[in-house]
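Q: Could we go through the helix packing and the backbone of this one together? Please give the cut-offs as the terms come up.

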Amino acid sequence: MTLTQRIVTIALCALATLITRFLPFLVFSPQRPTPKYIQYLGKALPAAIFGMLVIYCLKNVSLFTGSHGLPELLAIAATAAIHLWKRQMLLSVAGGTVFYMILVQWVF
Amino acid sequence: MSGQKGKIRRALTAAFPHTIPILAGFLVLGMSYGVYARTSGFSFWVPMTMAVAIFGGSLEFVAVSMLLAPFAPVQTFLAALMIQARHLFYGISMLERYKGMGWKKLYLIYALCDETFSINYAVRAPEGVDEGWFMFFVSLLDQSYWLAGTALGAALGGVIPFSTEGLDFAMTALFVVIFLDQWQKESRHWTALIGLGSALACLTAFGPDDFLIPTMVCILALLTLLRGPIERGLDGQ
């Protein structure tokens with residue numbers, strides 16, 4: 001690729017990203033009332049999105065080879081347990097992550 | 001201290017602790033991205049430019065391989081739209097929260113990555129802290145972590161003195177925690193289950209590289225079909 005072609009490639013990636021981030025705000029301007037259906041989506045989507053993001057993080061975990069997803073499963077259980085116990089986002093994330101690091105570096 | 005300065009500092013102090021999981025995750029992911037770009041033969045400035053211009057981790061990784069392949073503008077643009085399409089959902093969810101943010105709104109929308117969306121959606125600024133500045137600093141801190149991680153990786157080019165294996169689990173743990181909080185906030189769990197179920201089903205059917213778009217279509221279809229009962233559940237909270 002020439003330098004110009006590289007710049008165009010990066011610019012197109014940036015443009016596509018900007019479109020996906022700005023589009024909802026451009027289509028539904030604050031001056032006009034947002035359609036009821038979109039308001040509903042705004043409320044119903046987040047819980048679904050977080051479910052999707054959890055799976056997205058785990059998408060490359062293989063259940064049939066290597067450690068069979070066991071470290072991930074155990075670390076998620078630990079994260080959830082700490083969170084239900086102490087209700088401190090930071091503590092749950094730190095605890096779960098350290099536990100996962102121990103598992104993948106020393107146990108599995 | 002003047003009122004405005006105090007307001008800004010309070011927002012920064014309140015925002016920082018919420019971004020620590022992202023600090024850990026982004027330093028590691030950013031570093032591996034920087035290393036990956038350098039070992040793919042690019043100069044320090046290529047990953048840095050992309051970190052500012054694109055600011056979307058998964059697309060930046062893919063863009064490195066795009067830059068190594070023959071020039072294909074249409075294909076590049078379409079692939080980028082597909083990879084980034086989930087941001088449409090974040091925008092729709094943040095329409096209300098980002099209302100009336102003035103000039104900050106432009107930056108807030110530009111910097112709306114997965115992790116920033118999660119914090120800005122799930123966490124409310126504490127009492128007495130300006131909501132706009134709080135969300136602004138969450139976004140700015142997150143992006144600066146990504147830039148710092150990328151710069152470190154691109155500068156070191158692969159020599160990291162200790163094992164960070166598994167540290168990027170911080171990102172997964174963050175989403176798990178927010179998912180749990182969201183779960184417990186709802187009396188019925190339809191939407192959370194729709195998200196989990198659609199993603200799992202589409203991951204099984206389409207594989208790890210192509211499952212996001214089908215997942216989004218499934219989520220939209222199910223939320224639309226089940227609007228009546230779900231909306232009654234949402235109102236009942």
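This is a predicted model: local features need pLDDT of at least 70, side-chain atom pairs count only at pLDDT 80 or more; totals for chains, interfaces and linings use all residues.

Q: How are H1(A) and H3(B) oriented to each other, parallel or antiparallel?
A: H1(A) and H3(B) are roughly antiparallel, because their axes cross at roughly 155 degrees; angles over 145 degrees count as roughly antiparallel, under 35 as roughly parallel, 65 to 115 as roughly perpendicular and the rest as oblique. The axes of H1 (residues 3-27) of chain A and H3 (residues 57-68) of chain B come within 10 Å. Axes here are lines fitted to C-alpha atoms, for helices over the stretch in contact, with angles from 0 to 180 degrees between N-to-C directions. Helices are DSSP runs (H or I, at least four residues), numbered from the N terminus.

Q: What about H1(B) and H8(B), parallel or antiparallel?
A: H1(B) and H8(B) are roughly parallel, because their axes cross at roughly 30 degrees. The axes of H1(B) and H8 (residues 131-156) of chain B come within 5 Å, and the crossing is right-handed.

Q: Where does H1(B) bend?
A: H1 (residues 3-39) of chain B bends by about 50 degrees at Thr19(B), and Pro21(B) follows within four residues. The bend is the angle between axes fitted to the seven residues ending at a residue and the seven starting there. Just after H1(B), Gly41(B) takes a positive phi of about 100 degrees.

Q: Changing topic, which phi value does Arg87(A) have?
A: Arg87(A) has a positive phi of about 60 degrees, although it is not a glycine. Most residues other than glycine have a negative phi. Arg87(A) sits in the loop between H3 (70-86) and H4 (89-107) of chain A. Arg87(A) is partly exposed at 40% relative accessible area; buried means under 20%, exposed over 50% and partly exposed in between, with a 1.4 Å probe and protein chains only.

Q: And Phe55(B), buried or exposed?
A: Phe55(B) is buried, at 2% relative accessibility. Phe55(B) also has a positive phi, of about 45 degrees, and lies in the loop between H2 (45-53) and H3 of chain B.

Q: What does Ser118(B) touch?
A: Leaving aside neighbours within four places in sequence, Ser118(B) is in contact with Phe50(A), Leu53(A), Phe175(B) and Ile178(B). Ser118(B) belongs to H7 (residues 114-122) of chain B and is buried, with a relative accessible area of 0%.

Q: Lastly, how far apart are Pro71(A) and Phe108(A)?
A: Pro71(A) and Phe108(A) are 37 residues apart in sequence and 7.6 Å apart in space, C-alpha to C-alpha. Pro71(A) lies in H3 of chain A and is buried, at 1% relative accessible area.

Terms used. Residues are numbered from 1 along each chain as its sequence is written. Chains are lettered from A and ligands numbered from 1 in the order in which they are written. Side-chain values use heavy atoms; hydrogens and water are left out. Helices (H or I, at least four residues) and strands (E, at least two) are DSSP runs, numbered from the N terminus. A crossing is left-handed if the near helix is turned anticlockwise from the far one by less than a right angle, and right-handed if clockwise. Contact means heavy atoms within 4.5 Å.
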